[in-house]
Amino acid sequence: MASLYAHIPFCVRKCEYCDFYSGVAGDAEIELYLQALDREFALRAPKGLRPDTVFIGGGTPTRLSAQQLRTLAAILGRHVDLGSCREFTCEINPGTLTPDKAQALAAMGVNRASFGVQSFDQKYLRGLGRIYEAGTAPAAVQLARDAGIARISVDLMFALPGQTLAEFHNDLQKALALGTEHISLYALTFEDDTPLTRDLQSGKVKPASEELEREMFQLADEITARAGLPRYEVSNYARPGAQCAHNLVYWSAGDWHGFGAGAHAMIDGEISANAADFKHYCEHLAAGKLPLTRQDKQSPLERAETLLLMGLRLVQGIDLARFRAFAGQDFTRLCGEPAARLVALGLLELTATHVRVTPEGMFVLDNVILELAAGMGVSA
Ligand code: SF4
């Protein structure tokens with residue numbers, strides 16, 4: 001059973017650090033986009049598509065009005081059977097949720113709200129260019145709950161310029177105080193060509209030191225574990241049973257369909273990607289053409305590499321039987337040498353059934369993956 005992702009590439013305003021595919025648009029453009037999305041589903045959604053999980057991401061899906069969200073629900077209703085869907089997530093920017101929109105999401109079938117809070121501290125919200133005030137997030141979470149959306153996840157950022165360990169601790173406590181079942185924590189990264197990176201280059205802001213970032217990472221582990229939401233992925237923490245089932249599909253190199261501008265899909269090793277360009281996306285679909293910019297089948301080794309790249313992010317690591325099924329060869333045969341080196345360094349663990357990164361290895365995850373991928377003869 002595959003999962004389904006739909007991308008809504010609109011935001012109220014572009015955040016200072018953001019390099020995701022999203023932009024500011026008016027209602028006319030949003031409506032054009034929804035028409036294009038409907039056409040894309042009609043052209044390429046498999047008949048009887050019954051996803052196990054659905055994720056609406058962006059952008060800011062709640063940039064859509066309540067009426068536009070109902071249009072989106074009607075599109076899904078026309079092309080997708082949600083009868084077997086056990087998890088339906090929508091990303092929510094707290095500054096955009098209204099009671100009407102929360103009701104529209106719940107009526108669509110959304111049962112999990114993923115709030116992009118990033119910080120509860122006004123000065124950091126301002127620095128990041130977020131559109132809402134510090135008190136907005138708790139009120140927005142309550143709106144979702146009042147509409148019947150029970151599962152709440154909160155995204156926070158850390159290692160923000162000037163942020164202290166105590167301030168990050170405070171953010172974590174506030175996220176937990178909302179009774180959230182899931183927290184995603186991302187260290188701020190300075191992506192190419194963003195206003196924040198230009199501020200970094202001009203010396204206006206200073207990045208957090210590596211040492212402080214590591215302390216924050218460790219603090220997050222301690223606080224979340226104590227609160228009953230242990231880490232299950234390098235950036236994600238959840239109560240038992242509340243892990244994000246949709247993202248687990250990505251992390252286990254499973255199958256998902258993707259719709260919308262910039263959306264990717266992977267079905268049985270075949271990867272496809274839509275143009276991350278609103279105009280291209282809408283024009284192609286208006287002409288009855290798919291807006292694909294990529295469609296290729298992964299080789300067995302490439303599939304195994306994807307599993308390595310994604311699966312080592314998980315605390316439980318990679319199921320060696322799955323790796324063998326993808327690669328056609330044992331992990332130890334392909335990666336034995338670098339794996340032994342990483343085990344000796346205390347960065348990797350091999351059991352009879354799994355390979356996983358140690359807590360120490362999580363700090364240098366990218367390097368661990370690169371070393372293993374190099375051993376496979378493919379580049380991560
Ligand atoms: S709301 Fe999210 S997608 Fe939109 S600009 Fe901000 S970070 Fe980027």
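How far apart do the C-alpha centres of domain 1 and domain 2 lie? Let's find out, keeping in mind that this is a predicted model.

## Two domains

The domain assignment of the protein gives two parts: domain 1 covers residues 3-250, and domain 2 covers residues 300-376. Their C-alpha centres lie 29 Å apart.

## Where the domains touch

Seven residues of domain 1 are in contact with seven residues of domain 2. On the domain 1 side, α8 (210-226) and β9 (231-233) each supply at least two of the touching residues. The largest share comes from β9, with three residues. Sorted by class, this side of domain 1 has four nonpolar residues, three charged ones and no polar ones.

## A strand with two faces

Now look at strand β11, which spans residues 256-259. W256 and G258 point one way, while H257 and F259 point the other way. In a regular strand, side chains alternate between the two faces of the sheet. Are these four residues of β11 buried or exposed? W256, H257, G258 and F259 are all buried.

Strand β11 also has a parallel partner, β1 (residues 3-8), and four bridges join the two. You can find one of the paired positions yourself: A6 has F259 in β11 as its bridge partner. That is the F259 that points the same way as H257.

## Around the ligand

Which residues sit around the ligand? They are C11, K14, C15, C18, F20, S22, G58, G59, T60, N93 and G116. By class, this shell has six polar residues, four nonpolar ones and one charged one.

Technical notes:
Residues are numbered from 1 along each chain as its sequence is written. This is a predicted model: local features need pLDDT of at least 70, side-chain atom pairs count only at pLDDT 80 or more; totals for chains, interfaces and linings use all residues. A residue is buried if 20 or more other C-beta atoms lie within 10 Å of its own, exposed if 12 or fewer, and partly exposed in between; C-beta atoms are placed from the backbone. Two strands pair if DSSP finds at least two bridges between them. A residue is near a molecule or strand if its C-beta atom, placed from the backbone, lies within 6 Å of it. Ala, Val, Leu, Ile, Met, Phe, Trp, Tyr, Cys and Pro count as nonpolar, Asp, Glu, Lys and Arg as charged, and the others, Gly among them, as polar. Domain bounds come from an automatic or database domain assignment. Two residues are in contact if their C-beta atoms, placed from the backbone, lie within 7 Å.
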